[in-house]
Each structure stands twice: as structure tokens, then as C-alpha cells.
Amino acid sequence: MGPSPRPRATTSTGSTCSPTCRRCSGSDRRRGTNGRDVVVFKVERPRNSPDRAPAPPPPSDNPWARSLWLDGVVQDLSPREQLAGDHTCDVAIVGAGFGGLWTAYYLKAADPSLRVTVVEAEIAGFGAAGRNGGFVSAGIAGSGARYARRSGWDSVLRAEREVLHGIDEIGRVVSVEGIYCGYKKAGALTVATNEPQLQRLRARVEAKHSSGLGPEDIRLLTADECADLIPGPEGLLAASFTPHCARVDPARLARGLAAACERLGVKIYEQSPAEHLGPNVVQCRNGRISADVVVRATESYTIRERGQRRTFLPLYALLIATEPLPQQTWDELGWRDGIGFSDLGHLFYYAQRTVDGRIVVGGRGAPYRLSNPVSPENEQDSRVYERLCQTLREALPAVADARITHHWGGSLAVPRDWCMRTTFDRKTGLGFVGAFGGHGVTASNISGRTMRDLILGHSTDLTSLPWVGHQTRNWEPEPLRFIASRLIHKTLASADAYEERTGRPAKRVRLVAPFLPPSH
Ligand SMILES: Cc1cc2nc3c(=O)[nH]c(=O)nc-3n(C[C@H](O)[C@H](O)[C@H](O)COP(=O)(O)OP(=O)(O)OC[C@H]3O[C@@H](n4cnc5c(N)ncnc54)[C@H](O)[C@@H]3O)c2cc1C
């Protein structure tokens, strides 16, 4: 299902665009630093684009293939064996997303004699792990200032460095375990397309530099310098570039990691939802595990459990993917493989070039629902779909007519203070990894190694990171949380529109700042 074919005209740059396209007001050629001409599109950003996207493509018939990535997994997604009857092990892990799987992988690799069991409600990689944007990114999950209050700024800088190391560590495991997930570390750009975004961009880079990172970690690029890396989205003023970011197909990473765990001897049960977990016990629908240590790695799904509803705000992020684009289009676009980019809108978007030559665009803005806040019904939304399609058309007009093959979503586990945590209580044997918000791909790897050290009783650089033992208060009760999240969404959307229109920072964002992630 896709846009109906329209006659195409060739622009002065050789790219194709609909002759009826009212967005394109021309284009420029810039000379990239490799001496190659790069096309930069100038687009009039319409308030209400006349080009409406067709209805979203329906979800796959396969109930497990809930994203482009899961749909593309070559191996069979049929569930593994279910837990039945009584089972005993040393460490029981609940949840086979990245948090649970990395913990299992590192524990078993460190001590092969440990009996490690993972129980998963659906299939490994079913949650956010198999649905996310595929950015193995830098940047700590949480607020440096909040961590610093408890642990000091040195520890925050150590955390930043640990995240950079985590990106390479994931690449190492991918290579050692032969996980084919398109891991490619080429960096990422954050682009500013209006004056307020430019101010935020500069402030963000300065803050990183004053926290101890250097220009080799993150630096500002002019629009001309960017043009060598990605096609210029409309009105690109400047960008920050970090070499510390890799692209992956996250579902292949999760599924490959599950297989690597099994090769080490980890037992994984699927379609085995834990109904209760407590000290030394995990009670599932058809079986029960007795274990010295029980680790919760259930992320946003945690809120479905009795007494846990206010632990996280389960915030849905939605994405679209184009069909694979021909090499000619990629040559025209001049988008260097492996580089992802995002903008600095309040309801920001991010875009990824996939290993099979598609463009994936994702963004914030899916409405939070009062009933069933984590549910398959929330995985598509026609308004968000339309907005993402419009973003694609505006940011990359050369692919405006590409067919959209997938639309999906997943929920982030957002803690009240947006800070991740890794905790382990030796007395009860209960551990927790998660609260990653939108940063879990790299953060979960760090958490997995940290949980290994905590369980094994090793005091290491990881076990003194600022999120170890971090505590967060609960979200407000409903309907306050619902009202607040709708208000935040409306405020941020109107702030983006105001900034685009006036070129001035929208002060209204301050009103909702206490509920927002630290970059705001
Ligand atoms: C749309 C989207 C885009 C994102 N983009 C990025 C990105 O580009 N980069 C980045 O770093 N982060 C991104 N994130 C965040 C990142 O994906 C998550 O932080 C990370 O995957 C969460 O950790 P996890 O994989 O362990 O969680 P999940 O994958 O959600 O794992 C939790 C697992 O627990 C299982 N489970 C739940 N309850 C039970 C139970 N009772 N019993 C047994 N099993 C249970 C679930 O089925 C699930 O498989 C994104 C998230 C989303 C939703």
C-alpha cells in the first residue's frame, strides 16, 4: 500500500519530484569536503501539507512481526518452549529484551557454572528491543545534574565515557558471536533547522564540552560540512556530529543475542509471562522458578503488574519505513551509509538508513491513553503516521514518493525523573535493570555488565556508576498523569509550530519542563 503513482518531473539537480509538489522552491548544490557535489533541497514547509499520506499499512499477519525489524528477521519467529512445572536455577531473569538478555549473556560468560534462566512473556525481542530506531547511541539515559547530586560530576563523566565504550562493546559482541544485524558505526548528526533549535544545539555541545567531553566526541558542523554526510533537510542551519553512534537492525541484534545466550547454556522460555516475582521465586502461568537471584527486566510492561502502574510512564514512539530505495536514489541523496540523524524539535524526529536501503523515520508524539496504556492498539496512529510521512516528505523531498511499507510503535519506560537505574539487593536477591527511556540500546548493555558484577559480588568501575542504586519516585496517580501527558504533548507541538513561525524560542516549554527529559 503506498501513494498512488504520480507523474514525476526532474528538478534542476536531477532528482525527481512531483510537478504538483508545492513544497519545493528549488535546490542548491554544495561542494562536499570530498569534492563531490551534494544536492541540498530548499523546501517551503507547509503548515498543512496538501499531500496527505495514504492510510497506514496494516500490521503484519504474523503476530510476532510487530515492526519492520521483526518482520525482516530471516529465522523463524515461532516461540521457544514454555515454562511448565517446577524449575530451579541460580539466576532467573524476567524479560528477554536487551536488559534481560545482556544480563544473561554476561553472567553466563563470566561464570559458565551458573544456571541462568530467562522467562519471556512473548518472544525474545518482542518489546522495545525489536521495535526501536536502531541507534546504538551515545549520551547517558537521564540527567547528568541529577546523577551528579548523588555521585558527583566525575562519576557523570565516567558514565558518559562508559556509554561510549558500550557502543564499541556491542560491536565487539556482534562480531565475536557472528550476529548479523548490520552494525555499522559511522556517527550521528543532530540538525538545527531554525534559530531556537540552533541555540539549543550550541548549548548542548557546550554542556558536553564543559562536562569533559572533547571535540573528538562531539562538535558543531556548519551546513556545508553536514552536506558531505547527509542530504540537507530543509533550512538546515548547523548540526552537531558525534562519531560515537552505530546503526543496527535491533530485532536481529536481540534475536542473535538470545541465540548467543543459548550457545553459552542459558535456558530461555518464551510465552511464559511471570505473574508474580519476588525473593527467590518467579511464578509463571504454567510453572514456577526457584532461584537465588531474580532480576526484573520488563521495562514498560512492568506497569501492567499490580502495584506497579505508577513506576513508569509508558510513552509510545512510532515509526515508519519506506520500501528499499534504489542505489541511484542513495547516490542522489548523498547520505553516507551508517549515519543517522535527528532534529531538535520538541517533538523531535530521527531518521536511519537501514542495512537493506530503506529510510526509517520515527518520532515522539503518540498520545498516551488512560485505559490500556501498553497495548497493541497503541502501535499505530493515523495522525502520527501522517506527521511522520510529512516529515519524510519535507526533510527528504527526493523520496517523497517512496512507498511506506511499515508503520509500528513500541513503548518506552519513562521513569519520573527520566534517569535509568540498576539495582541489586543482596539480602533479597532481587535485581532490576531498566528505566532506559529512549536510550536503552547502549544503556542496557552497560546495565547487563553491571548486573553481572553486582550479582557476582565484584566491586568494579561499573558498580559505582551513578545509576547504580538510583531511586526514583513514582509518577502522579491517574488521571493526573494522563492529563499532564496530554498537556505536555499539546504544549510541545505548539512550541514547535511557534518556533518555526517566529524563529524565537517558545517560553511555554518551561511550564512543562519538570516533566521532560534533561535536554529540555
Ligand atoms: C519506538 C522506539 C524507538 C526507540 N529508539 C531507540 C534508539 O534508537 N536507541 C536507543 O538507545 N533506544 C531506543 N529506544 C529505547 C530502547 O528500545 C529501550 O530502552 C530498550 O529496548 C528497553 O530495554 P529492553 O530491550 O530490555 O526492553 P523490552 O524490549 O521492552 O523488554 C522487556 C521484555 O520483557 C517482557 N516481559 C514483560 N513483562 C513480562 C512478564 N511479566 N513476564 C515475562 N516477560 C515479560 C516483554 O515481553 C519484553 O520482551 C526506543 C524505544 C522505542 C519503543
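In this predicted model, the ligand is surrounded by 42 residues, with Gly95, Gly97, Gly127, Gly133 and Gly440 the closest. By class, this shell comprises 18 nonpolar, 20 polar and four charged residues. Helix α2, the strands β7 (135–137), β17 (313–322) and β21 (404–414), and helix α10 (440–456) each contribute at least two residues to the shell.

The axes of α2 (residues 98–110) and α7 (residues 250–264) lie 9 Å apart and meet at an angle of about 30 degrees. Because angles under 35 degrees count as roughly parallel, α2 is described as roughly parallel to α7. The crossing of α2 past α7 is left-handed. On the α2 side, the contact is formed by Phe98, Leu101, Ala104, Tyr105, Lys108 and Ala109, and these face Ala254, Leu257, Ala258, Ala260, Cys261 and Leu264 of α7. Eleven of the residues in this contact are nonpolar and one is charged, with no polar residue present.

Two features of the backbone also deserve a look. Most residues other than glycine have a negative phi, and most peptide bonds are trans. Asn280, however, has a positive phi, near 70 degrees, and sits in the loop between β14 (274–278) and β15 (281–284). The peptide bond from Glu478 to Pro479 is cis, with omega near 5 degrees; Pro479 belongs to the loop that lies between α10 and α11 (480–502).

Terms used. Residues numbered from 1 in each chain as written. Predicted model: local features only at pLDDT ≥ 70, side-chain atom pairs only at ≥ 80, totals over all residues. Axes fitted to C-alpha atoms, helices over the stretch in contact; angles between N-to-C directions. Helix = DSSP H or I, 4+ residues; strand = E, 2+ residues; numbered from the N terminus. Parallel < 35°, antiparallel > 145°, perpendicular 65-115°, else oblique. Left-handed = near helix turned anticlockwise from the far one by under 90°. Contact = placed C-beta atoms within 7 Å. Nonpolar A, V, L, I, M, F, W, Y, C, P; charged D, E, K, R; others polar. Near = placed C-beta within 6 Å.
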